[in-house]
Amino acid sequence: MSGSAELVLDGLARRYGATTAVARMDLAVAPGELVALLGPSGCGKTTSLRMVAGFVEPSAGRILLRGRDITGLPPHRRDIGMVFQSYALFPHLSVAENIAFGLKRRGVPKPEIAARVARMIGLLQLDGLEARLPRQLSGGQQQRVAVGRALVINPAVVLLDEPFSNLDALLREGTRIELRRLQTDLGLTTLFVTHDQAEAMAISDRIAVMHQGRLEQLGTPREVYDRPATRFVASFIGRANFFEARPGPAGGSFSEDGIALAAPAAATYVLRPEHIRLDQDPPAGPNAAAGTVELMSFLGTAAQAVLRLPGGRALLVEGPAALADHFRPGSPATARWSPKDLVALPAP
Amino acid sequence: MISLRTPFGWVLRFLAVVTFVYLLGPLVVIVAASFSDTGYLAFPPEGFSLRWYHSALGDARYLSGFFVSLRLAALVAFFSLILGTAAAVALTRFRFPGRALLQALFLSPLVLPGLVLAVALTVFFSTTPLAPPGMPRLVVSHMLVGVPLVLRVMLPVLRRVDRAVEEAAQNLGASPLLAFCLVTLPALRPGLFAAGALAFIFSFDEVEMALFLGSAREAPLTVVLYGAAQMAMDPTVAAVSSMLILLALVLMLAQQLYAQR
């Protein structure tokens, strides 16, 4: 695997005194691949990215770039482009000078710098803004300058640190699609830090879910959503109901709050809200539970409900928008699901 | 915002006027007296004459004093900028034990009375002549206050600088030193100008240390003035003082204009 990979993190770890920010992380990014480091704040994703960029020294492990060990190299000798969360544009330099900065440091001849900067400005639709200073640009334009500045040097790997978090919601979706198109067109190997699971799902080839410094699961968005490796992954990516299946006294298996489950006992099961149907018939047999609708939210394309069960559990349910017409808060309802939608978590 | 048209607004206006009169009153007296057509200091001035300015500019003692002060203040500002900025960088960038204590220690000369410093330094240099007497000794002594002045201006300026900008420069291929020079230094320029102006003005206007530690042959302007004021209080002293005030005013204005650019 590491033979064909562009970027390899090999047992990478970082400790600060007694606390472990990143614990032995292994990750290989293939050429042209976009991998998201996803997790809540403090999970170690930013520390990992900064180790790759060279701003944080690893406590253990190696970083390989195109097969070469770059662990001991200072940031300015690594062939890596980075887009910072704050964009970190040079405030006293114009758009064109910002983009040309990396090329100048590399001693690229002047005519070539001009040509490559012009091409990048065209590619990012910054035409006419070449002479502007960063503070004279909108947030979206600043973000594009930051991207252009990192890409123009043709780095082996591009690092993105929450590049969309400073854009408003409307702009964010369009921008991430643009960036994904640019990344696939140019075949850029990319490591992308985000805390937004929807963002990671939308544009990543693979997602590395991190929690408390550990890599919890690495997989395609589909794999991570459909077959979560841990309880944390299941609850962080999308929403989830959990059942601890135990053997019943007279055979069969039951959840911790006594719901009969048609599934093997002694496992933790994940049930996604959209796999639950609601109706008004009494429950018969396993994989069904009666309760009272506590909350109903109409979301336009869908509706979300919370069903309170007698045992105290709040069951998350998602269904078509029409669900909101049939069930109101306070009305009784029965939840049903099919056995195939109970996804067992691998034993720890 | 408080509206200036309310009764409270009028109170504020009144207080502002009183404060300005209090601060600028003595300066007005000195500047007005320098134009007086009398042989003694008179306020309000009697008549109008520029002859005290003629006599000040024609007096070799004042002229040489002015150039000594200029050289002294420029050297103090230059070296204080280097030392003070370096100290401010270290205090804002690096975490080390005793950092807060060191910062307080660095700033402490600012709260000492000038006379105390002057006497202490006189005693110190008489037993340990670290710096040769005259200009070098005076530069070193003035830096004792010049460096803290620069430090106090540069500490908040450096805290506001976005470290990510310097990291971005490194990421794009600039060594740490080059990144600092290419990216951080331009952002510091207004602060450096203000800090340098402060150190310059302090050194130019300082009396006690100059009096105690300076040599008679190379007396700064303030020492010459002090001597002249003791001998005969004629309006020449007022004329020289007025020109000093003008110089400080010009420097402060230039610094303000530069900062607002």
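Residues are numbered from 1 along each chain as its sequence is written, and chains are lettered from A, with ligands numbered from 1, in the order in which they are written. Because the model is predicted, local features need pLDDT of at least 70 and side-chain atom pairs count only at pLDDT 80 or more, while totals for chains, interfaces and linings use all residues.

Chain B has 11 helices and 0 strands; helices (H or I, at least four residues) and strands (E, at least two) are DSSP runs, numbered from the N terminus. The C-alpha atoms of chain B fill a box of roughly 70 × 65 × 30 Å along the principal axes. Of the 261 residues in chain B, 32% are buried. A residue is buried if 20 or more other C-beta atoms lie within 10 Å of its own, exposed if 12 or fewer, and partly exposed in between, with C-beta atoms placed from the backbone. Among contacts in chain B with a separation of 6 or more, 72% join residues 24 or more positions apart; two residues are in contact if their C-beta atoms, placed from the backbone, lie within 7 Å.

Where the chains meet, chain A gives 18 residues and chain B gives 15 residues. On the chain B side, helix H7 (163–171) and helix H8 (176–205) each give two or more residues, and H7(B) has the largest share, 7 residues. By class, this side of chain B has 9 nonpolar, 4 polar and 2 charged residues. Here Ala, Val, Leu, Ile, Met, Phe, Trp, Tyr, Cys and Pro count as nonpolar, Asp, Glu, Lys and Arg as charged, and the others, Gly among them, as polar.

A:Arg106 lies in the loop between helix H2 (95–105) and helix H3 (110–123) of chain A. Leaving aside neighbours within four places in sequence, A:Arg106 is in contact with A:Ile153 and B:Gly173. A:Arg106 is partly exposed because 13 other C-beta atoms lie within 10 Å. The C-alpha atoms of A:Arg106 and A:Leu12, 94 residues apart along the chain, are separated by 29 Å.

**Strands of chain A**

Two strands pair if DSSP finds at least two bridges between them. An open sheet of 4 strands in chain A has the order S2-S1-S4-S5, with antiparallel pairing. Its edge strands are S2 (19–29) and S5 (68–69), each of which pairs on one side only.

| Strand pair | Sense | Bridges |
|---|---|---|
| S1(A) (7–16) and S4(A) (60–65) | antiparallel | 5 bridges |
| S6(A) and S7(A) (157–161) | parallel | 4 bridges |
| S11(A) (241–247) and S14(A) (267–271) | antiparallel | 5 bridges |
| S11(A) and S12(A) (253–254) | antiparallel | 2 bridges |

S11(A) has two partners in the table. A:Phe242 is bridged to A:Val270 in S14(A), and A:Arg246 is bridged to A:Phe254 in S12(A). S11(A) and S12(A) form a hairpin with 5 residues between them, and A:Gly251 in the turn has a positive phi of about 85°.
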